[in-house]
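Reader: I'd like to go through this structure with you. Can we start with the surface and then move on?

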Amino acid sequence: NISGSVIGEYVNAGATITIDDSKVIGNVLNRSNNDISILNASEVGGYVDGGTTIKIDASEVSGNISNRSNNDISVLNDSEVGGYVYGGSTITIDDSDVTGNVSNRSNNEVKIENDSEVLGNVLSQGKLSVKNSEINGNIQSTNHDIYLDEGAEIHGNATAANNNWATIYFNDYDDDDRSAVHGTCLYRTDPEDACGPKEPPINQNPQFEFGTLTDSDCTISSPGPDKKQVVTCTLKFSNTYDTAKPK
């Protein structure tokens, strides 16, 4: 265990590694099938390579995060990852940011939730859920459905498993701040035709004011640019407005 320390090089151990409120300049990796935990405002300047479960909690990793076994990776509580996240099983990104891609190798879920942001693509072998988060790349589930909820925003394409049943579910479609996919949805959506950016609201009661300009409302100034006269007119509104006047 490393607590309250600064490690000027890398950390390479054959057992469980816990880094708590500490800074590691280089990489963090273990040679055996044991866990790695980076906790409590810790910083890792390189990558993290674990044998089994990896947990990043309220900490920062400048490089990639990956494990060599079919175990979980969790990035939680305002953590930041400067590279990709590549896990063997379930991956959870919760209230955290990832610069690279997020993907797993087995038929397990990838969850992006609670105001997280992924700048790359998200690829899940199993179920994929995005809640109240933003993905700047594409999202895809190889073998399962995709679930969007609580105003999830996907700037790329969304692709559920390529078969006759896999579906992209917009669970919050009837909400004012529903989820949106700005690219293409394949191959089915629920509701149908739910793909695409949100349409702006329609003003069901537009307000207008009409009037007529007369000669007395306008003045002609001396020649302006290119020796052309400049005409300036003042339109006086009959009503008063709480915000900026219409133009």
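Reader: Which residues form the negative surface patch?

Author: This is a predicted model, where local features need pLDDT of at least 70, side-chain atom pairs count only at pLDDT 80 or more, and totals for chains, interfaces and linings use all residues. Side-chain values use heavy atoms, with hydrogens and water left out, and residues are numbered from 1 along each chain as its sequence is written. The negative patch is formed by Glu43, Glu60, Asp78, Glu80, Asp97 and Asp115.

Reader: Where does Glu43 lie?

Author: Glu43 is in strand S8, residues 43-44; strands are DSSP runs (E, at least two residues), numbered from the N terminus.

Reader: How many disulfides does a search of the whole structure find?

Author: The search finds 1 disulfide, meaning a pair of cysteine sulfur atoms within 2.5 Å. Cys185 is joined to Cys195, S to S 2.1 Å.

Reader: And why is the disulfide right-handed?

Author: Because the torsion about the S-S bond of Cys185 and Cys195 is about 80 degrees.

Reader: Is Cys185 buried or exposed?

Author: Cys185 is buried, at 13% relative accessibility. Buried is under 20% relative accessible area, exposed over 50%, partly exposed in between (1.4 Å probe, protein chains only). Cys195 is partly exposed at 27%.

Methods. Patches are made of residues with over 30% relative accessible area and no salt bridge: like charges are joined within 9 Å, nonpolar side chains (Val, Leu, Ile, Met, Phe, Trp, Tyr) within 5 Å. Accessible areas come from the Shrake-Rupley method with a 1.4 Å probe; for residues, only the protein chains shown count as cover. A salt bridge is a side-chain nitrogen of Lys or Arg within 4 Å of a carboxyl oxygen of Asp or Glu. Lys and Arg count as positive and Asp and Glu as negative; His and the chain ends are not counted. The place of a charge is taken as NZ of Lys, CZ of Arg, CG of Asp or CD of Glu. Helices (H or I, at least four residues) and strands (E, at least two) are DSSP runs, numbered from the N terminus.
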